[in-house]
Amino acid sequence: MICQKNKTTLLNRKNGGIAVLPIKKVVCPTDFSDPSYEGLKAAKEFAEHFSAELILVHVIFPGPIVPGVAEPGFHIPAALKAMQETAEKTLADLKQRKMLSDISVRTKVISGKPAYEIVNLADEEKADIIVITTHGESGWQKFLFGSVTEKVIRMATCPVLTIQQPKEE
């Protein structure tokens, strides 16, 4: 991959040749964790460099709902609505605090399986690149939950830039 300062293109070697990809839309998922903010920094730089639109997305994963397990009085639709409202407020705050530049930024909150929804949004928006952070999960966590980043890389139809979680000192 080659980026040039004075051009708004990303050069990508594909099938032995070089494809020129204009970068106009960048999708950046966040789960509001510190590692995901590292991906956000990179996505912001990408959007600034290429004068591209940045789409920040948070996916609410409601998880499996087991009948009879919830506490009495627990109302699942109300809980999902509260999660949606909290995510929208957090994304708006994130946009306000971290996006102090001249780039165009949109926010989206979606419910579903994170990897699938991120790839689906990138396809719907005709995104040119997805910028996502690796969280460095291993062992039983990766076995149980899998890696959202790995799934996005496998399923995406556009290039995916992965940002490694910073090492703790």
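How are α3 and α5 oriented to each other? The two helices are oblique, a class that takes in the angles left over once those under 35 degrees (roughly parallel), over 145 (roughly antiparallel) and 65 to 115 (roughly perpendicular) are set aside. The axes of α3 (residues 114-125) and α5 (residues 148-155) cross at roughly 40° and come within 8 Å; axes are lines fitted to C-alpha atoms, for helices over the stretch in contact, with angles from 0 to 180 degrees between N-to-C directions. The crossing of α3 past α5 is right-handed, that is, the near helix is turned clockwise from the far one by less than a right angle. Pro114, Ala115, Tyr116, Ile118 and Val119 of α3 make the contact with Val148, Lys151, Val152 and Met155 of α5, contact being heavy atoms within 4.5 Å. By class, 8 of these residues are nonpolar, none is polar and 1 is charged (nonpolar: Ala, Val, Leu, Ile, Met, Phe, Trp, Tyr, Cys and Pro; charged: Asp, Glu, Lys and Arg; polar: the others, Gly among them).

The model is predicted, and local features need pLDDT of at least 70, side-chain atom pairs count only at pLDDT 80 or more, and totals for chains, interfaces and linings use all residues. Residues are numbered from 1 along each chain as its sequence is written, and side-chain values use heavy atoms, with hydrogens and water left out.

The protein has 5 helices and 8 strands, taken as DSSP runs numbered from the N terminus (helices H or I, at least four residues; strands E, at least two). Their order along the sequence is β-β-β-β-α-β-α-β-α-β-α-α-β. Of the 169 residues, 36% are buried, meaning under 20% relative accessible area, with exposed over 50% and partly exposed in between (1.4 Å probe, protein chains only). Among contacts with a separation of 6 or more, 72% join residues 24 or more positions apart.

Helix α1 (residues 34-50) comprises 17 residues and reaches 25 Å between its first and last C-alpha, close to the expected 24 Å; the expected span is 1.5 Å times one less than the number of residues. Its buried residues include Tyr37, Leu40, Phe46 and Phe50. The C-alpha of Ser51 is 8.1 Å from that of Ile23, 28 residues away in sequence. Ile23 lies in the loop between β3 (17-22) and β4 (25-29) and counts as buried because its relative accessibility is 2%.

In α2, the buried residues Ala87, Leu91 and Leu94 pack against α1, β5 (53-60) and β6 (105-111).
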